[in-house]
Amino acid sequence: MKKMGRAHRHFFRICAIDKRTPRDGRVLEELGTYDPMITEADARVVLKNDRVDHWLSVGALPSEKCAVLIKKYGSQGTHLDAQKAAFEKLAMPVELPEVGPPAEAPKPAEEPAAEEQSAEAPAAEEAGAAEAPAEEAKSE
C-alpha cells in the first residue's frame, strides 16, 4: 500500500511493488485504492480484480493488510455483495430536510438608537415651532 493524501486525510494506492523499493517508491503496477475516510466501510476499497489475480498467480506476496483486503474484496471475496450495496448507497442522491420558516432574528443594536433619535426629532420640531411665533411677535 502506497500512502498518499495529506495530513489528517489519508489515502492509499494498492500497488504491485518490488520488495527492495521503499514504501512510497516506484511501483510496477497500481492495482486499486483504499480510502479510509469514506463513511461506508465496504465502499473504501476498489480493486482491479483481474490484475490482482495475475500478480498473485506469478508469485507476488501481499502485505498483511493487503491480504485482508484481497480476501474481502478480491475476485473470490467474502464481502462483494456488501460492497455493491455500499456503492449503490453512495451513488444515491443525498436527501436534505425541508427548510422551515426563518427564525426570528434579533434586532441589531443600531435600530434602538435610530428609534430614539426619531422620537427626539418631533419634540425638537415642536419646540422650535413654538419659539418661532414668539420671535415674530417681538419683532413687530
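## His-8 and the loop between β1 and β2

His-8 sits in the loop that joins β1 and β2; helices (H or I, at least four residues) and strands (E, at least two) are DSSP runs, numbered from the N terminus. Though not a glycine, His-8 has a positive phi of about 65°. With a relative accessibility of 71%, His-8 counts as exposed (buried means under 20% relative accessible area, exposed over 50%, and partly exposed in between, with a 1.4 Å probe and protein chains only).

A word on what you are looking at: this is a predicted model, in which local features need pLDDT of at least 70 and side-chain atom pairs count only at pLDDT 80 or more, while totals for chains, interfaces and linings use all residues. Residues are numbered from 1 along each chain as its sequence is written, and side-chain values use heavy atoms, with hydrogens and water left out.

## The chain as a whole

The chain has 4 helices and 4 strands, and from the N terminus on its elements follow the order β-β-β-β-α-α-α-α. Of its 140 residues, 17% count as buried.

## The nonpolar core

In soluble globular proteins, nonpolar side chains tend to be buried together. Here the largest nonpolar core has 12 residues in all: Phe-12, Ile-14, Ala-16, Leu-31, Tyr-34, Val-45, Leu-47, Val-52, Cys-66, Leu-69, Ile-70 and Tyr-73. Such a core is a set of buried Ala, Val, Leu, Ile, Met, Phe, Trp, Tyr and Cys residues joined through side-chain atoms within 4.5 Å.

Which elements each supply at least two residues of this core? They are β2, β3, β4 and α2 (64-73), and α2 gives the most, with 4 residues. Not counting residues up to four places away in sequence, Leu-47 touches Ile-14, Leu-31, Gly-32, Val-52, Leu-69, Ile-70, Tyr-73 and Gly-74.

## Salt bridges

Side chains of opposite charge can pair when their charged atoms come close. A search of the whole structure turns up 5 salt bridges, each defined as a side-chain nitrogen of Lys or Arg within 4 Å of a carboxyl oxygen of Asp or Glu. One of them joins the side chains of Arg-9 and Asp-35, at 2.9 Å from N to O. Arg-9 belongs to strand β2 (residues 9-16) and Asp-35 to the loop between β3 (29-34) and β4 (45-47), so this pair ties together parts that are 26 residues apart in sequence. Arg-9 is partly exposed at 30% relative accessibility, whereas Asp-35 is buried at 9%.

Another salt bridge brings together the side chains of Glu-30 and Arg-13, 3.1 Å from N to O. Because Glu-30 lies in strand β3 and Arg-13 in strand β2, the pair ties together parts that are 17 residues apart in sequence. Glu-30 is partly exposed, with a relative accessible area of 32%, and Arg-13 is also partly exposed, at 27%. Asp-18 and Arg-20 form a salt bridge too, with their closest N and O atoms 3.0 Å apart; Asp-18 is partly exposed at 30%, while Arg-20 is exposed at 74%.

## Lys-2: a buried charge

Lys-2 is found in strand β1 (residues 2-6). Lys-2 is buried yet has no salt bridge, and the nearest side chain of opposite charge, that of Glu-30, is 5.3 Å away (Lys and Arg count as positive and Asp and Glu as negative, while His and the chain ends are not counted). Leaving out residues up to four places away in sequence, Lys-2 touches Phe-11, Phe-12, Arg-13, Cys-15, Arg-23, Asp-24, Gly-25 and Val-27.

Val-27, in the loop between β2 and β3, is 25 residues from Lys-2 in sequence and 8.8 Å from it in space, C-alpha to C-alpha. Apart from neighbours within four places in sequence, Val-27 is in contact with Lys-2, Cys-15, Ala-16 and Ile-17.

## A nonpolar surface patch

Val-46, Phe-87 and Leu-90 form a nonpolar patch on the surface, with about 240 Å² of accessible area together. Patches are made of residues with over 30% relative accessible area and no salt bridge, where like charges are joined within 9 Å and nonpolar side chains (Val, Leu, Ile, Met, Phe, Trp, Tyr) within 5 Å. Val-46 has its place in strand β4 and is partly exposed, with a relative accessible area of 41%.

Note on methods:
Accessible areas come from the Shrake-Rupley method with a 1.4 Å probe; for residues, only the protein chains shown count as cover. Contact means heavy atoms within 4.5 Å.
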